[in-house]
Amino acid sequence: MISALFLLFVCLALSNTAVAEQEVFRLDDGSKYFIGVGTAVVEFDTTFKIEDKSNDLSIFIDGEGTLGLPDVSNVNTVFGGVRLGEKHSLRASFFSVKRESTFAADLNLEDLLIVNADLTLTDSTDFLNLDYGYNLFRDNRSSVDFLFGLFVLDLNYVFEANGQVEIDGNVQSGRYIQDASVIAPVPNIGLDMDFAFTPKWSVGAQFSLMKGSYKDVSAGALKSGIRAKYLFTPRFAGQVGISYFDARVTIDEEDTKMDVGYGYNGLYAGLLWQF
């Protein structure tokens, strides 16, 4: 769906439709700052794999499938930016995910057998995006910016079992915890594009690629989105859109290796103030 909407955006941006002289198209009014808030309905897809290097223990967890984490959740976001002259800009966005699943069950997670245990899986993950934008093209109807910045994934994914646990044939009772908790700052590059097809309505698209490693953590991700914006006044606007994100994080420590897959896609709506 995102590919189809992106194709529509490109067609609109390249079109040379005649514009009546009395219509004034303004992608923006030259405002220096913008801030906004939004909410989204998001569908998640997360996986968590642990390999114990000392005894070849392997555990695979499908957060939404195996342990019943809510696959659809509401998240709120804040975002803002500042324009530094004709060519340069800075922008930032932040949102936080809080999900938890608790139940009693018997599970077989590859080399880990859990019998008559209370299980808890918690996802408390924060997303922070900091971008520098360099304008490649701008007129009164369209704009294309090159983005370079830092994407910070503050991952906190915790699995806990209280009960009888069998590990590699050894049965023990008590508490078993595994967690993937790490802050992964990842460089990203991308493009951000906007096109006004009426004096009030504009569409936009953003695509970013992220790849990097720091100490024992490596991560890669793809983020994309399509949006539509409506100007209620020259200073106040509303926007709706769809977004997609898929990340792979590897934490390779001395005794264990963890591979985390974290993805989401969803619909969002927000309000934007330009000043």
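Strands β7 (residues 170-196) and β8 (residues 201-214) run antiparallel and are joined by nine bridges; two strands pair if DSSP finds at least two bridges between them. The model is predicted, so local features need pLDDT of at least 70 and side-chain atom pairs count only at pLDDT 80 or more, while totals for chains, interfaces and linings use all residues. Residues are numbered from 1 along each chain as its sequence is written, and side-chain values use heavy atoms, with hydrogens and water left out. Strands (E, at least two residues) are DSSP runs, numbered from the N terminus.

**Strand pairing**

- Four residues lie between β7 and β8, which form a hairpin.
- Asn188 is opposite Met210 in β8.
- β8 also pairs with strand β9 (residues 217-231), in the antiparallel sense and over 14 bridges.
- Across this second pairing, Ser202 faces Lys229 in β9.
- The hairpin of β8 and β9 has two residues between the strands, and Lys215 there takes a positive phi near 55 degrees.

**Nonpolar core**

- A nonpolar core is a set of buried Ala, Val, Leu, Ile, Met, Phe, Trp, Tyr and Cys residues joined through side-chain atoms within 4.5 Å; buried means under 20% relative accessible area, with a 1.4 Å probe and protein chains only.
- The largest such core has 44 residues, of which Phe48, Phe127 and Phe159 touch the most other members.
- Seven of its residues come from strand β6 (residues 142-167), which gives the most to this core.
- Leaving aside residues up to four places away in sequence, Phe48 touches residues including Ile59, Ile61, Phe159, Asp179, Met258 and Val260, where contact means heavy atoms within 4.5 Å.

**Aromatic pairs**

- The structure holds 16 aromatic pairs, defined by ring centres within 6.5 Å, with planes over 60 degrees apart counted as edge-to-face, under 30 as stacked and the rest as tilted.
- Phe44 and Tyr262 pair edge-to-face, at 6.2 Å centre to centre and 85 degrees between the planes.
- Phe44 in strand β1 (residues 33-52) and Tyr262 in strand β11 (residues 256-274) are 218 residues apart, and both are buried.
- Phe48 and Tyr157 also form an edge-to-face pair, with 5.4 Å centre to centre and 80 degrees between the planes.
- Because Phe48 lies in strand β1 and Tyr157 in strand β6, this pair ties together parts 109 residues apart in sequence; Phe48 and Tyr157 are buried.

**Surroundings of Phe44**

- One aromatic cluster is made up of Phe44, Phe95, Phe127, Phe151, Phe245, Tyr262 and Tyr264.
- Arg99 lies over the face of Phe44, 4.2 Å from the ring centre; the criterion for Arg is CZ within 6 Å of the ring centre and within 35 degrees of the ring normal.

Note on methods:
Buried means under 20% relative accessible area, exposed over 50%, partly exposed in between (1.4 Å probe, protein chains only). Rings of Phe, Tyr and Trp (its six-membered ring) pair if their centres lie within 6.5 Å; planes under 30 degrees apart count as stacked, over 60 as edge-to-face and the rest as tilted.
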